[in-house]
Amino acid sequence: MTQLTTPFRYDHVGSFLRPTELKEARSKFQNNEITYEELKKVEDQAIIRLIEKQKDSGVLAITDGEFRRSWWHFDFLGGLDGMDYYEKEQGLNFHNLETRKEGVRVVGKIGFGNHPFLDHFKFIKEHAGDSTVKFTIPSPNMLHARADLNADIYTNNQELIEDTIKAYQKAVQAFYDAGCRYLQLDDTSWASLFSEESRAKLVSEGRDPQQFMETLQYVINESIKNKPSDMTITMHICRGNYKSTFFSSGGYNFAAEVIFGGLNVDGLFLEFDDERSGSFEPLQYVNRPDLKIVLGLITSKFGELEDKEEIKARIHQAAKFVPLDQLCLSPQCGFSSTEDGNILEEENQWQKLTLVKEIAEEVWG
């Protein structure tokens with residue numbers, strides 16, 4: 001029987017590969033060859049087709065594939081009051097790859113006003129019919145972890161954090177008022193704690209890993225503390241996803257007690273697709289029967305399909321630490337966290353989602 005509560009027994013992280021016509025339209029817009037209104041028409045049609053494709057494929061949590069975004073995080077953060085999207089001198093260094101040289105910076109006091117993502121959500125809601133809509137935004141931690149601090153506006157990081165929390169509290173309520181009942185926070189900042197190397201990097205930057213972790217926990221819990229009781233808020237913890245490569249490695253061990261026992265989210269989407277993610281053992285710190293753990297056992301980085309029986313066996317391995325009824329299944333990340341996309345074909349992503357659905361139905365009935 002299909003689980004009707006969110007996150008669903010078979011779910012997905014949110015982003016999809018951009019179709020060719022959308023990529024072409026975005027390129028033309030960036031080159032001033034078409035207007036924003038013309039780009040939006042292409043986006044609208046691509047999203048409507050994606051919604052129908054998700055329904056036809058049995059996807060329960062309908063998203064817009066993040067088709068209106070260039071980046072999974074910068075577009076939303078840059079749309080907050082007091083933030084600016086700009087070109088940097090250097091991109092982020094992923095494994096053997098540097099990202100595009102773009103980022104966000106603080107230019108004023110942070111706030112949540114008439115954010116364009118509210119209209120983006122309303123569009124999906126309008127066209128999804130009776131289906132459940134999931135909307136994805138970057139975690140509030142991404143602002144103080146990725147944005148460049150302006151000392152003329154914020155004399156210390158704590159002031160920035162408190163304004164970020166207030167902005168996200170308003171955002172949660174605004175999305176709820178617009179009809180959103182399933183909101184996902186995407187967060188790569190936790191991965192800074194997963195390996196000795198990354199923790200050493202924090203120390204070299206003058207940050208104490210334990211204090212940094214406590215700050216991440218505080219920001220999440222404060223940002224969602226006023227959420228309505230009939231709204232599901234989940235968090236996806238990611239190690240980076242850019243053109244099928246990654247940013248960080250390491251298991252959940254160092255932060256396990258906080259992540260699994262100290263965050264007040266309703267569900268956690270977790271990467272467990274390869275050895276970089278570590279073992280299931282940290283799941284022993286899950287201390288709430290209502291916390292859903294979504295196992296990201298299917299990679300979204302490459303098109304080759306996983307062996308169904310191996311995935312089922314891994315689910316039962318995880319069930320040694322968390323009751324099977326609290327577990328769900330999804331791909332490990334989105335298929336296109338940025339508009340560039342991962343190295344696989346569009347058909348591959350639908351094959352992956354079909355595999356997730358089939359496995360979930362065979363494991364949970």
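A cavity is a set of grid points where a 1.4 Å probe fits but cannot get out. The views below come from a predicted model.

**View 1. The second largest cavity and its lining.** The structure holds two cavities of 30 Å³ or more. The second largest cavity has a volume of about 80 Å³. Its lining includes Tyr10, Asp11 and His12, the run Ser57, Gly58, Val59, Leu60 and Ala61, and also Leu353, Val356 and Lys357. Helix α11, residues 346-364, gives the most to this lining, with three residues. Sorted by class, the lining has six nonpolar, three polar and two charged residues.

**View 2. The salt bridge between Asp11 and Lys134.** Side chains of opposite charge can pair when their charged atoms come close. Here the side chains of Asp11 and Lys134 meet at 3.3 Å, N to O. Asp11 lies in the segment before α1 (20-30) and Lys134 in the loop between β6 (132-133) and β7 (135-138), so the pair ties together parts that are 123 residues apart in sequence. Asp11 is buried, with a relative accessible area of 4%, and Lys134 is buried as well, at 1%. Asp11 is also one of the residues that line the second largest cavity.

**View 3. The salt bridge between Asp84 and Arg105.** The closest N and O atoms of this pair are 3.1 Å apart. The pair links distant parts of the chain, with Asp84 in strand β2 (residues 81-87) and Arg105 in strand β5 (residues 102-111), 21 residues apart. Asp84 is partly exposed at 25% relative accessibility, and Arg105 is partly exposed at 33%.

**View 4. The salt bridge between Asp230 and Arg181.** In this pair the closest N and O atoms are 3.6 Å apart. Asp230 lies in the loop between α8 (209-223) and β9 (232-237), and Arg181 in the loop between α6 (157-177) and β8 (182-187), so the pair ties together parts that are 49 residues apart in sequence. Asp230 is partly exposed, with a relative accessible area of 42%; Arg181 is partly exposed at 33%.

**View 5. A network of salt bridges.** Arg26, Lys40, Glu43, Asp44 and Arg68 are linked in this network. A search of the whole structure finds 23 salt bridges.

**View 6. Cysteines without disulfides.** A disulfide is a covalent bond between the sulfur atoms of two cysteines. The structure holds zero of them. The sulfur of Cys328 is too far from the closest cysteine sulfur, in Cys333, for a bond, because the distance is 17 Å. Cys333 is in no disulfide; the nearest cysteine sulfur, that of Cys238, is 3.7 Å away. The cut-off for a disulfide is 2.5 Å. Cys328 counts as buried, at 0% relative accessibility, and Cys333 counts as buried at 4%.

Terms used
Residues are numbered from 1 along each chain as its sequence is written. This is a predicted model: local features need pLDDT of at least 70, side-chain atom pairs count only at pLDDT 80 or more; totals for chains, interfaces and linings use all residues. Side-chain values use heavy atoms; hydrogens and water are left out. On a 1 Å grid over the protein atoms alone, a cavity is a set of points where a 1.4 Å probe fits but cannot get out, and a pocket is an open set with protein on both sides within 12 Å along at least five of seven lines; lining residues have an atom within 4 Å of a point. Grid points are joined across faces, edges and corners, and a volume is the space filled by probe spheres set on the points. Helices (H or I, at least four residues) and strands (E, at least two) are DSSP runs, numbered from the N terminus. Ala, Val, Leu, Ile, Met, Phe, Trp, Tyr, Cys and Pro count as nonpolar, Asp, Glu, Lys and Arg as charged, and the others, Gly among them, as polar. Buried means under 20% relative accessible area, exposed over 50%, partly exposed in between (1.4 Å probe, protein chains only). A salt bridge is a side-chain nitrogen of Lys or Arg within 4 Å of a carboxyl oxygen of Asp or Glu.
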